[in-house]
Amino acid sequence: MNIVKELVGLCGIARDNAPTESEAFCYELLRRQYQKIDEAVEEKKGNFAIVSCYSPMELLHAMDILPLTTLLHAAITSMVRPCQDFLDAVTGYGVPVDICSMHRTAAGMAIAGAFPTPDFIIGTSEVCDPEIKTTEVIARILNRPNFYLEQVASYDVIHPHHWYNEGVVAYYKKELGALVGFIEKQTGKNLDIDRLREVIKLSNEAAALYREVSRLREHVPTPVRNVEFFYHCLIYSLFAGTQEAVDYFNLCLKDAREVVEGKRSLPYEEKHRISWLFCLPCYSMDLFNWMEKEHGVVIPVDMVNYWTGDEEEMDPSDPIDAIARKGYWAPLAAVYIGPGEKWSERAVELSQKGKVEAAVIMNNYNCKEGCFILRLIRDTVQERLGIPVKIIDADVIDPSLAPPDSLKDELEGFFETLEE
Ligand code: SF4
């Protein structure tokens, strides 16, 4: 089995069945990316890399690397097909079932022989601690060179844990320089710094559009469908620095503006607004359509698309410095790094921005980063905003803990209390 070839077909089917133009375009971009990887492998181009979730995408795009991003790739796969075969493979290898299923699925693909052989592998230490070990296991199984990009510096420059300061930026820049050297050695091609500057400009363009889409989502009623929030996160995470990301967010912005301006309407009536804090069940994306249709529940704000307002425009004149700084403000990273108190404060701020009447936290029950502090987040949001917060136990990939119908049952009870 070759999961990349399989996803070329499955993303094409998802594109053809997508209800909106922007959702179809999201799947088309994913399909094209898998197709490019497949062709690069067949033609032995030497530029296919399996990489961690928080790898510096602008740098990879500027160096013509085709990245397959472990965790997001696992999430995408579970959106279009069951992943039990990979979960079984990784369990057979000896990985305990209480490791996050995104890691287990990605490693399971390597164990099951489903990955085409990458030219090299890049692991990062940002946000998610198991990530670095997952790429190490994949590198060992596939017997490919592996670079470890250390974002978190030693404790003498970071105090407290993971705060953004000039010491950590200087440290991370050195690491990025070493990564450039590693990629140059693997590919035999030097980094073209002018090309990287152009990529940074495109990344800025996509980020500006993305922020505007996120701002429009907060409008009452929200002009963006629930299911799209994860696509926004996916496309920015995977394609920042490419024209494709700019085109995608332009399309999302056009769609959202049309709804706000009354030129187009959404096929449900908004009745309740909730914030979605933390993970989502990728195996059951239809849950988000169901909420809108059956209960008029919309999600104008969520944690994976959180722009703090502190973000900096990336400076193309010093692109490596800009990439290092982005590691500390990128939306999918900034909320989760640092003390739990920061996370809970942002959950409050986010829920206020979204003018929500309730919040849902999906507890990815085996997440080593998040589970410990969900109680803190729930209590903080409840106490500060006086709104109900529901914690649901589920998994990002594996439906066995909370099959789609039981998730609906659990949320239905909560939504009924909102009706009352
Ligand atoms: S859910 Fe937790 S353990 Fe899993 S990838 Fe995200 S941060 Fe890491």
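User: Which residue in E6 does Ser275 stand opposite?

Analyst: This is a predicted model. In it, Ser275 stands opposite Val301 in E6. Strand E5 covers residues 272-278 and strand E6 covers residues 297-302. The two run parallel and are joined by 4 bridges. Between them the chain passes through helix H12, residues 286-295, and this β-α-β crossover is right-handed.

User: Which other strand is joined to E5, and by how many bridges?

Analyst: Strand E7, residues 358-364, is joined to E5 by 5 bridges, and this pair also runs parallel.

User: Why is E5 described as largely enclosed by the rest of the structure?

Analyst: Burial is read from a neighbour count: 20 or more other C-beta atoms within 10 Å make a residue buried. Of the 7 residues of E5, 6 are buried, so the strand is largely enclosed by the rest of the structure.

User: Which residues of E4 are on its covered face, and which are on the uncovered one?

Analyst: In a regular strand the side chains alternate between the two faces of the sheet. In E4, residues 146-149, Phe147 and Leu149 form the covered face, while Asn146 and Tyr148 form the uncovered one. Leu149 is also the bridge partner of Thr124. E4 runs parallel to strand E3, residues 120-124, with 4 bridges between them. Together with helix H7, residues 130-142, these two strands make a right-handed β-α-β unit.

User: How many residues does the largest nonpolar core have?

Analyst: In soluble globular proteins, nonpolar side chains tend to be buried together. Here the largest nonpolar core has 140 residues, and Ala206 and Ile235 have the most contacts inside it. Setting aside residues up to four places away in sequence, Ile235 touches Cys26, Leu29, Ala245 and Tyr248.

User: Is Leu30 buried or exposed?

Analyst: Leu30 has 27 C-beta neighbours inside 10 Å, so it counts as buried. Leu30 lies in helix H2, residues 21-42. Apart from neighbours within four places in sequence, Leu30 is in contact with Cys11 and Ile76. For a sense of distance, Leu30 and Val360 are 330 residues apart in sequence and 28 Å apart in space, C-alpha to C-alpha.

User: Which residues other than glycine have a positive phi, and where is a cis peptide bond?

Analyst: Most residues other than glycine have a negative phi, and most peptide bonds are trans. Asp64 has a positive phi, near 60 degrees. Asp64 is in the loop between helix H3 (57-62) and strand E2 (66-69), and counts as partly exposed because it has 15 C-beta neighbours inside 10 Å. Lys355 has a positive phi of about 50 degrees. Lys355 is in the loop between helix H15 (340-353) and E7, and its 14 C-beta neighbours inside 10 Å make it partly exposed. The cis peptide bond joins Val220 and Pro221, with omega about -5 degrees. Pro221 is in the loop between helix H9 (193-217) and helix H10 (228-239).

User: Which residues are around the ligand, and how do they divide into nonpolar, polar and charged?

Analyst: The residues around the ligand are Leu71, Cys100, Met102, Val127, Cys128, Pro130, Cys279, Asn364, Cys367, Lys368, Glu369 and Gly370. This shell divides into 8 nonpolar, 2 polar and 2 charged residues.

Definitions and conventions:
Residues numbered from 1 in each chain as written. Predicted model: local features only at pLDDT ≥ 70, side-chain atom pairs only at ≥ 80, totals over all residues. Near = placed C-beta within 6 Å. Nonpolar A, V, L, I, M, F, W, Y, C, P; charged D, E, K, R; others polar. Core = buried A, V, L, I, M, F, W, Y, C linked by C-beta atoms within 7 Å. Buried ≥ 20, exposed ≤ 12 C-beta atoms within 10 Å, placed from the backbone. Contact = placed C-beta atoms within 7 Å. Pairing = 2+ DSSP bridges. Right-handed = clockwise from strand over helix to strand, strands pointing away.
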